[in-house]
Amino acid sequence: MNCYQIEGGHPLEGCLAVQGAKNSVLPILAACLLAPGRSVIHNCPDLSDVAATLDILSLLGCRVDRDGDTVTVDANGLCRGEIPDRLMREMRSSVIFLGALLARLGTAEMSYPGGCELGPRPIDLHLGALRALGAEIREDQGCLCCRGGRRLRGRELCLSMPSVGATENAMLAACGCPGTTTIVGAAREPEIVDLQNFLRAMGADVSGAGSTAIVIRGGRPLYPARYTIMGDRIAAATYLCAAAAAGGEVELTGIDPNHLSAVLACLEEAGCEIHTRQGGVALACHGPLQGISPVRTAPYPGFPTDAQAILMAALAGGEGATMFVENIFDNRYRHVDELRRMGASIQVAGRVAVVSGVGGLHGACVHSTDLRGGAALVVAALGAEGTTQVCGLKHIHRGYDGLDRCLRQLGAHIEHIS
Ligand code: UD1
């Protein structure tokens, strides 16, 4: 058995420095390919998704070193543009290497990333953007074969949906395309601003990230860079929801509270006291959480889909009802059955879930169904009476650097049993 054993009902207290953002570090590590030489990335969280990304970089011929939370990627030796199926299956977001390889080598080959635990995740917007830049892409028996080279030219791209991954892929590819690319309908997530900042540090001419139109003047020579990854807003939301569920007073550092506005508004409405300052946020919660107005997931700056399960877990042990509407992914209520094992009352109909607070959950043996669903079970367990075992930790290790260690630092009674 490999699980977290959590004894609930102990308030959380103390201060925690939040890990670097998983969703920033993955595209930024891929972007290291754009320039020969050694890029140095600080605040790099220790996650299985990061390890998978570093495996891909090594296999492509880069030299990769990790020293604590600093990762060095030497892309001088980049010698191949094919990623084997084994590594593509490990992490769906490895599709981000398409844009980076096209920009640097003018060619890329990889297997089609399959569906994932959140339901089908198409990549039509990624491929459409790269084709619009001039790439020729053949899809053959689950394999993607991309050729760019001299055909690549900057131009205006329109994304019909603000896909985070497609925006990042287009930004990376556009750095290698002579001329001006404008991405219209771009995603506005803070991680895209972080990628822009890294690309600028490499010498790229990119502007507009954080708005719906990003402009890249491509084809310039790029150089390796030194960069510090921003704080992880979803990990921060997890620790705040944990303190809201268990009660107590916590302070998080290394995070921009503006990135958390939608989540903080919900926690405040549920009865938590929140104080923000530059680079940090504090939360105090001394009573049961109350039901709040409907929570609708939406692209940034709306309520993040990645925090849906986590907030739901906190509210399930409170009082009053809350409606959730999941607008981004089709299959993102798989944690609900597991929360029910802990006594939660949640009705699901399609995209809508209604949580009726039962005034307290109880411990149970539960299984993580996906990354954020797993974190949600930990949040629920911290507020529940009795002992909970959360299994399926491989999902949690994809996105949290020492979730149990960080929670212990805040006084939680959580142990890793293997
Ligand atoms: C990223 C995040 C993930 C987060 C998600 C939404 C990373 C590594 N992952 O995932 O944690 O949950 O944003 O905030 O940054 N879509 C298409 N066609 C495409 C691409 C996407 O239809 O080609 C759809 C998806 O099915 C989904 C929606 O667009 O319904 C949003 O997906 P997208 O923003 O692309 O998510 P990811 O980049 O995969």
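Let's start with strand β13, residues 213–218, which gives the largest share of the lining of the largest cavity, three residues. Strands here are DSSP runs of E with at least two residues, helices are runs of H or I with at least four, and both are numbered from the N terminus. Please keep in mind that this is a predicted model, where local features need pLDDT of at least 70 and side-chain atom pairs count only at pLDDT 80 or more, while totals for chains, interfaces and linings use all residues. Residues are numbered from 1 along each chain as its sequence is written, and side-chain values use heavy atoms, with hydrogens and water left out.

Back to the cavity. Rolling a probe the size of a water molecule over the atoms shows where empty space is left. On a 1 Å grid over the protein atoms alone, a cavity is a set of points where a 1.4 Å probe fits but cannot get out; a pocket is an open set with protein on both sides within 12 Å along at least five of seven lines; and lining residues have an atom within 4 Å of a point. Grid points are joined across faces, edges and corners, and a volume is the space filled by probe spheres set on the points.

How many cavities of 30 Å³ or more does that rule give? The count is one. The largest cavity has a volume of about 30 Å³, and its lining consists of Cys175, Ala204, Asp205, Ile216, Arg217, Gly218, Gly219, Arg220 and Leu222. By class, that is four nonpolar, two polar and three charged residues. For the classes, Ala, Val, Leu, Ile, Met, Phe, Trp, Tyr, Cys and Pro count as nonpolar, Asp, Glu, Lys and Arg as charged, and the others, Gly among them, as polar.

Cys175 takes us to helix α6, residues 164–175. Helix α6 packs on helix α7, residues 190–201, at an angle of about 10 degrees, with the axes 10 Å apart. Axes are lines fitted to C-alpha atoms, for helices over the stretch in contact, and angles run from 0 to 180 degrees between N-to-C directions. The two helices are therefore roughly parallel to each other, a label for angles under 35 degrees. Their crossing is right-handed, meaning that the near helix is turned clockwise from the far one by less than a right angle. On the α6 side, the contact (heavy atoms within 4.5 Å) uses Val164, Thr167, Glu168, Met171, Leu172 and Cys175, and α7 brings Glu191, Ile192, Leu195, Gln196 and Leu199. Seven of these contact residues are nonpolar, two polar and two charged.

Now for the second largest pocket, which holds about 290 Å³ of space. It has 23 lining residues, and Ala244, Ala245, Ala246, Gly247 and Gly383 are the closest to its centre. Which helix supplies the largest share of this lining? That is α12, with four residues. The lining has 13 nonpolar, nine polar and one charged residues.

Two helices from that lining, α10 (308–316) and α12 (371–383), also pack together: their axes come within 8 Å and cross at roughly 20 degrees. That makes α10 roughly parallel to α12.

One last stop, in the loop between β18 (295–296) and α10, is proline 301. A cis peptide bond joins tyrosine 300 to proline 301, with omega about 10 degrees.

Key:
Angles under 35 degrees count as roughly parallel, over 145 as roughly antiparallel, 65 to 115 as roughly perpendicular and the rest as oblique.
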